[in-house]
Amino acid sequence: MYEASFYSKLDKHQVQCLLCPRNCIIEEGKFGDCHARRNRNGILSSEVYARIAAMETDPIEKKPLYHFYPGSQITSIGTSGCNLHCNFCQNHSLSQVNNRKPAIPTKNIQPEQMSELVDTNTQSIGLAFTYNEPTVNYEYMLETARLVKMSGKKTVMVSNGYINPDPLHMLLEYIDAFNIDLKGFTNEFYRKYSKATLKPVLETIKRIAKSGNHLELTNLVIPMGNSDEETFEDMCKWIANETGKDTPLHLSRYFPRYESTQYPTPPELLFDLYDIARSYLNFVYLGNIATEIHSNTLCPKCGKTVVERTYYHISTKGLTTDGLCKNCGTKIFKHY
Ligand code: SF4
């Protein structure tokens, strides 16, 4: 058993987890809503600590992070469980676990061992916590990220942003780059499709932006779900105002998965939303779709293409070696 951080004992039988905005009150022997934390004899235990269910070396663009060491590879790991329950989850076999489903096979890799694996992988710039929601594996992530950073490599968290301010604050010291999934821009959408609320996600995004750590955002566009143009435009305005117009926004094409039977996002819808987003933000990308130009990086000053992407192949011919636009000298990438 690995004792969780961020919880309080309410009485002999109940504990309250304070890691994410659900603040679950958990009875003796029961799991929290994420199914990753359990009350064992009045102690909150992380049930997924060091239990690695998926591990790959991926292109950093796959996270997606387009402005953080473009063209590099990163070791990527996931456990199981999630504190959101999106009916359209694109990775539900890892995220939506419960007592009624067979246990997922895992490998026990302690933080020291993981850090060493990353350190000796010369192809990899560091470690990304991804695949399922890393927040539910908070203690392992914090300790492993600390070790990885000590070895001089980079750390990444790909998250739904549903985390309380205090644990996030601690994490900011050890995670270099975040991709936060902003699933929609109404509370109604979060309630209906993810059984959650919007405000904590917006707070997380603002806090990361304020910290100065690298931040990119992803929005999975679901037809008839979160694709209303007015709401989408409000979201883009909010991003520009709160995190800055240089925040990269990834618009991802949805396909029916898990409990959702909605038809896939029509390409025309993505192109329309791309145009709206580009009128507020300098760096907008389409993902999960073959497109000639919508995944390239254009210099916001002179308009020249500085990075060309075809799936995960990238060409940085338009950039200088220190991340400036070759044509006009504008700084494009801080982390290059
Ligand atoms: S992390 Fe899990 S147990 Fe803790 S409050 Fe969130 S959903 Fe509940």
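Patches are made of residues with over 30% relative accessible area and no salt bridge, with like charges joined within 9 Å. In this predicted model, one such patch of negative charge turns up on the surface, where Asp228, Glu229, Glu230, Asp234, Glu268, Asp272 and Asp275 gather. Two helices do much of the supplying here: α7 (229-242) and α8 (267-278) each give the negative patch at least two residues. Take Glu229, which is found in helix α7. Its relative accessibility is 38%, so Glu229 counts as partly exposed.

Next come the charges that do find a partner. Side chains of opposite charge can pair when their charged atoms come close. Searching the whole structure for such pairs turns up 10 salt bridges. In one of them, the side chains of Glu139 and Arg37 meet, with 2.5 Å from N to O. This pair links distant parts of the chain, since Glu139 sits in helix α3 (residues 138-150) and Arg37 in strand β5 (residues 37-40), 102 residues apart. Are the two partners buried or exposed? Glu139 has a relative accessible area of 6%, so it is buried. Arg37 counts as buried too, because its relative accessibility is 2%.

A second salt bridge joins Glu47 to Arg40, and here the closest N and O atoms are 2.8 Å apart. Glu47 counts as buried at 13% relative accessibility, whereas Arg40 is partly exposed, with a relative accessible area of 32%.

Lys149 and Asp176 make another salt bridge, their closest N and O atoms lying 2.6 Å apart. Lys149 belongs to helix α3, while Asp176 is in the loop between α4 (165-171) and β13 (177-181), so this pair ties together parts that are 27 residues apart in sequence. Lys149 counts as partly exposed at 29% relative accessibility, and Asp176 is buried, with a relative accessible area of 17%.

An open sheet is formed by 3 strands in the order β17-β18-β19, and the pairing is antiparallel. Its edge strands are β17 (297-298) and β19 (313-315), each of which pairs on one side only. Between β17 and strand β18 (residues 305-310), which run antiparallel, there are 2 bridges. Within this sheet, Thr297 stands opposite Val307 in β18.

Methods:
Residues numbered from 1 in each chain as written. Predicted model: local features only at pLDDT ≥ 70, side-chain atom pairs only at ≥ 80, totals over all residues. Heavy atoms only, no water. Patch = residues over 30% accessible without salt bridge, like charges linked within 9 Å, V, L, I, M, F, W, Y side chains within 5 Å. Areas by Shrake-Rupley, 256 points an atom, 1.4 Å probe, with all protein chains shown as cover. Salt bridge = Lys/Arg side-chain N within 4 Å of Asp/Glu carboxyl O. Lys, Arg positive; Asp, Glu negative; His and termini not counted. Charge placed at Lys NZ, Arg CZ, Asp CG, Glu CD. Helix = DSSP H or I, 4+ residues; strand = E, 2+ residues; numbered from the N terminus. Buried < 20%, exposed > 50% of the residue type's maximum accessible area, 1.4 Å probe, protein only. Pairing = 2+ DSSP bridges.
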